[in-house]
Amino acid sequence: MKLTRRHAALALAVVAGPAAQAQPGSAALANAMARARELRDAAVRAGDQPYGAVVLQGERIVGEGPSRVVTANDPTAHAEMEAIRDAARRLATRDLAGCLLVSTSRPCRMCEAAAGWARIERMVHGNALTDAGRPS
């Protein structure tokens, strides 16, 4: 994905907050969204809903997940939930403070609540890298 000036400006707006030290740069953010789109496409190929998400810690992806609602017969297996679960497993902690949740669409209330409980710093969604802010 070619990073446009608009994407760079949005990425800088995301990282300009008080937790800027823990947040990725625009290239890492663009790469994370590209990976989320790959996961979305994999979910569709598997017969699931078109959603993908990743969790970034600094410049690296520490969790990822496609939607598995249909394939796992689990109404809570949203891409964001899967990415948060994966990050918690990989990092061996439920505290994901300083991490960023990047998803192909705006997280639902359940996923936003889970991100809040995991202490995710900010949420970014969609091709425009829209800053959804701190989870509430």
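**Architecture of the predicted protein chain**

Buried residues make up 45% of the 136 residues in the protein chain, where buried means under 20% relative accessible area, exposed means over 50%, and partly exposed lies in between (1.4 Å probe, protein chains only). The model is predicted, so that local features need pLDDT of at least 70 and side-chain atom pairs count only at pLDDT 80 or more, whereas totals for chains, interfaces and linings use all residues. Residues are numbered from 1 along each chain as its sequence is written, and side-chain values use heavy atoms, with hydrogens and water left out.

The protein chain holds 4 helices and 5 strands, these elements being DSSP runs (H or I of at least four residues for helices, E of at least two for strands) that are numbered from the N terminus. Read from the N terminus on, the elements follow the order α-α-β-β-α-β-α-β-β. Among contacts in the protein chain between residues at least 6 apart in sequence, 48% join residues at least 24 apart, a contact being defined by heavy atoms within 4.5 Å.

The 5 strands form an open sheet in the order E2-E1-E3-E4-E5, and the pairing is mixed; two strands are taken to pair if DSSP finds at least two bridges between them. At the edges stand strand E2 (60–66) and strand E5 (130–133), each of which pairs on one side only. From one strand to the next, the twist averages 25°, with axes given by lines fitted to C-alpha atoms (for helices, over the stretch in contact) and angles running from 0 to 180 degrees between N-to-C directions. Helix H3 (residues 79–91) packs on this sheet, where it touches strand E1 (52–57), E2 and E3, and the direction of H3 makes about 135° with that of E2.

Strand E1 is largely enclosed by the rest of the structure, because 5 of its 6 residues are buried. E1 and E2 run antiparallel and are joined by 6 bridges, with Leu-56 standing opposite Ile-61 in E2. In the hairpin that these two strands form, 2 residues lie between the strands, and Gly-58 takes a positive phi near 65°. E1 also pairs with E3, again in the antiparallel sense, over 5 bridges, and the bridge partner of Gln-57 in E3 is Cys-99. By contrast, strand E3 (residues 99–103) and strand E4 (residues 122–125) pair in the parallel sense over 4 bridges, and in E4 the residue Met-123 is the bridge partner of Leu-101.

His-125 has its place in strand E4 and counts as buried, because its relative accessibility is 15%. When neighbours within four places in sequence are left aside, His-125 is in contact with Met-33, Ser-103, Ser-105, Arg-106, Pro-107, Thr-130 and Ala-132.

The axes of H3 and helix H4 (residues 109–117) come within 9 Å and cross at roughly 20°. The two helices are therefore roughly parallel to each other, since angles under 35 degrees count as roughly parallel, over 145 as roughly antiparallel, 65 to 115 as roughly perpendicular and the rest as oblique. Glu-80, Met-81 and Ile-84 of H3 and Met-110, Cys-111, Ala-114 and Ala-115 of H4 make the contact. By class, this contact of H3 with H4 has 6 nonpolar, no polar and 1 charged residues, where Ala, Val, Leu, Ile, Met, Phe, Trp, Tyr, Cys and Pro count as nonpolar, Asp, Glu, Lys and Arg as charged, and the others, Gly among them, as polar.

Within helix H4 is found Met-110, which counts as partly exposed because its relative accessibility is 30%. Apart from its neighbours within four places in sequence, Met-110 is in contact with Pro-75, Thr-76, His-78 and Met-81. Met-110 and His-78 are 32 residues apart in sequence and 9.1 Å apart in space, C-alpha to C-alpha.

Most residues other than glycine have a negative phi. Asn-73, in the loop between E2 and H3, has a positive phi near 50° and is exposed, with a relative accessible area of 70%. Leu-129, found in the loop between E4 and E5, likewise has a positive phi, near 55°, but Leu-129 is buried, with a relative accessible area of 0%.
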